[in-house]
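Thank you all for coming. I would like to walk you through one model this morning, so please have the sequence and the structure open as we go.

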Amino acid sequence: MAVEHPVATPPGDQTRIHNIGYRTYDGPRLGRSYATRSLYSQSLRGAYGLGRSVKSKVLPMLLFVVMCVPAAIMVAVAVATKANDLPVDYTRYAIIMQAVISLYVASQAPQSVSRDLRFKTVPLYFSRPIETADYVRAKFAALASALFILTAAPLLVLYVGALLAKLDFADQTKGFAQGLVSVTLLSLLFAGIGLVIASVTPRRGFGIAAVIAVMTISYGAVSTLQAIADAQAIDGGGSSGAIPWIGLFSPVTLIDGVQSAFLGATSAFPGGVGPSNGEGAVYVLVVLGLIAASYGLLMRRYRKVGL
Amino acid sequence: MYDPTVARLTYRALLGRRRALILGALPLLLIAISIVVRALAGADDQTASDLLGGLALATMVPIIGVIAGTGAIGPEIDDGSVVYLLSKPVKRPTIIFTKLIVAIAVTMVFSALPTLIAGYILNGNGQQIAVAYTVAALVASIAYAAIFLLLGTVSRHAVVFGLVYALVWEALFGSLVSGARTLSVQQWALAVAQKVSGGDMVTSDVALPTATVLLAVVTVLATWYAGQKLRSLTLAGEE
């Protein structure tokens, strides 16, 4: 295509600068917060496979259904048998389904950050007006929101079902609120741990394995040790003081400890004895510390993205 | 059937850089826990059996199997560099067989060996528990490596599906539905372990003949099908 010469040049000039008609952008600039919000919403949609291929929708949607179906069955049973209470506490539900939640984090945390590293798109993000903190916050918030949707949806099913079954309104609302606080903490904690591990590796498969290893092995190790400590305590004719302290070393038991100390949940620890209020305070501190630490580590990881 | 160059490259891909860290961290954790338990609880056969069965065989072996099995072929297919391997005059089944041998070796070294050490730490091989679970881990390594290698050639989400099988099917459904236990590598391996230990500490829901036949069939079929799959591999771009 011929180059346009919109500006008429005076005759006789031998040297001139061609104006080939490039224009500057003078429309509205949406700015940093808009870019951050877009990154957040794209990451959140991506965590459920929306806006991606059909294949990548399968797993998150499947896990979402697996999370909700037992809740629906429990509600159906409660309505049919006219029970006075739901078969499972709101706070207990996430602990029972911890394998599914771990799998969700393991599959979605790497897809959120590892692909950006692998295809070297992170520098492109930072060529936009967003800063490191914006990127980290958007990704963190997106995965935490996705996890919150995953864990709160079955609670909502339970709550609506309980109200339909005409269970005690005040009692159910209190339980539902406690459950929501607990899954909020759980979402933040799991999202933080998952993202920190996933952001280290550009390989998606390796990230998945690393996240699931940390989640499951720590839970398996802690449960085994607690069971042994419990058996020892019963042999010795008392209750073991070591059980709550062992629980500090796995994300699932951390959440379990916090909610049994402060949110009126019955503990899933062997022996059914959760941490006392003093030990519960340590649990809360550890949970908040871990969330803050994972945020700090992510900031450090993305401070320099030479990759 | 065995190509040393392919084997060397696979070893480097599996044990290179950070991958070796996670492979090494899990066994170390198992041994550390065994030391703690031994110090806290002393030597106890039941405890040793619970720990080795619950943590080593049910969790550690499948996870290491997933990492080694899918890691032997998955990343190559993922980033497309497998075409350089496929364009060499090496038979596709040979490539799969070599990678299988490497995956089995890595899984065995990182899962069966620590199981044996942990067993000796826990109760000094009382009632043959350490040896029994080591044999189970060795047997399970072969089947897991073959299954997960096949998954690696079939799907680019191999790691997730491998973990879903290992954690959801074997652990969750296996504990709820007894029928699911018949189709579980873990139970087949336990059947072999039961024969080795001879005692009643190690039990399985599957009879030994069924277990060995199923183990052999699954391993051979998975390897054969992975070879077929690699013959007609289509490379897809990242979605």
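Predicted model: local features only at pLDDT ≥ 70, side-chain atom pairs only at ≥ 80, totals over all residues.

Let me start with B:Ile104, which touches B:Ser141, B:Ile142 and B:Ala145, leaving aside residues up to four places away in sequence, where touching, or being in contact, requires that two C-beta atoms, placed from the backbone, lie within 7 Å. Residues are numbered from 1 along each chain as its sequence is written, and chains are lettered from A and ligands numbered from 1 in the order in which they are written.

B:Ile104 belongs to helix H6 (residues 92-123) of chain B, helices here being DSSP runs of H or I with at least four residues, numbered from the N terminus. Is B:Ile104 buried or exposed? B:Ile104 is buried, because 23 other C-beta atoms lie within 10 Å, and the cut-off for buried is 20 or more such atoms, against 12 or fewer for exposed, with partly exposed in between. B:Ile104 and B:Ala68 stand 36 residues apart in sequence, yet their C-alpha atoms are 7.9 Å apart in space.

Turning to the core, the largest nonpolar one has 164 residues, and A:Val211, B:Ala136 and B:Leu149 have the most contacts inside it; such a core is a set of buried Ala, Val, Leu, Ile, Met, Phe, Trp, Tyr and Cys residues joined through C-beta atoms within 7 Å. Helix H7 (residues 129-154) of chain B gives the largest share of this core, 20 residues. B:Ala136, for its part, touches B:Leu57, B:Ala189, B:Leu190, B:Val192 and B:Ala193, again not counting residues up to four places away in sequence.

In chain A, the axes of helix H4 (residues 98-118) and helix H6 (residues 132-164) come within 11 Å and cross at roughly 155 degrees, the axes being lines fitted to C-alpha atoms over the stretch in contact, with angles from 0 to 180 degrees between N-to-C directions. H4(A) is therefore roughly antiparallel to H6(A), a term used for angles over 145 degrees.

Finally, the contact between the chains takes 31 residues from chain B and 27 residues from chain A. On the side of chain B that touches chain A, H3(B) supplies the largest share, ten residues.

Definitions and conventions. Helix = DSSP H or I, 4+ residues; strand = E, 2+ residues; numbered from the N terminus. Parallel < 35°, antiparallel > 145°, perpendicular 65-115°, else oblique.
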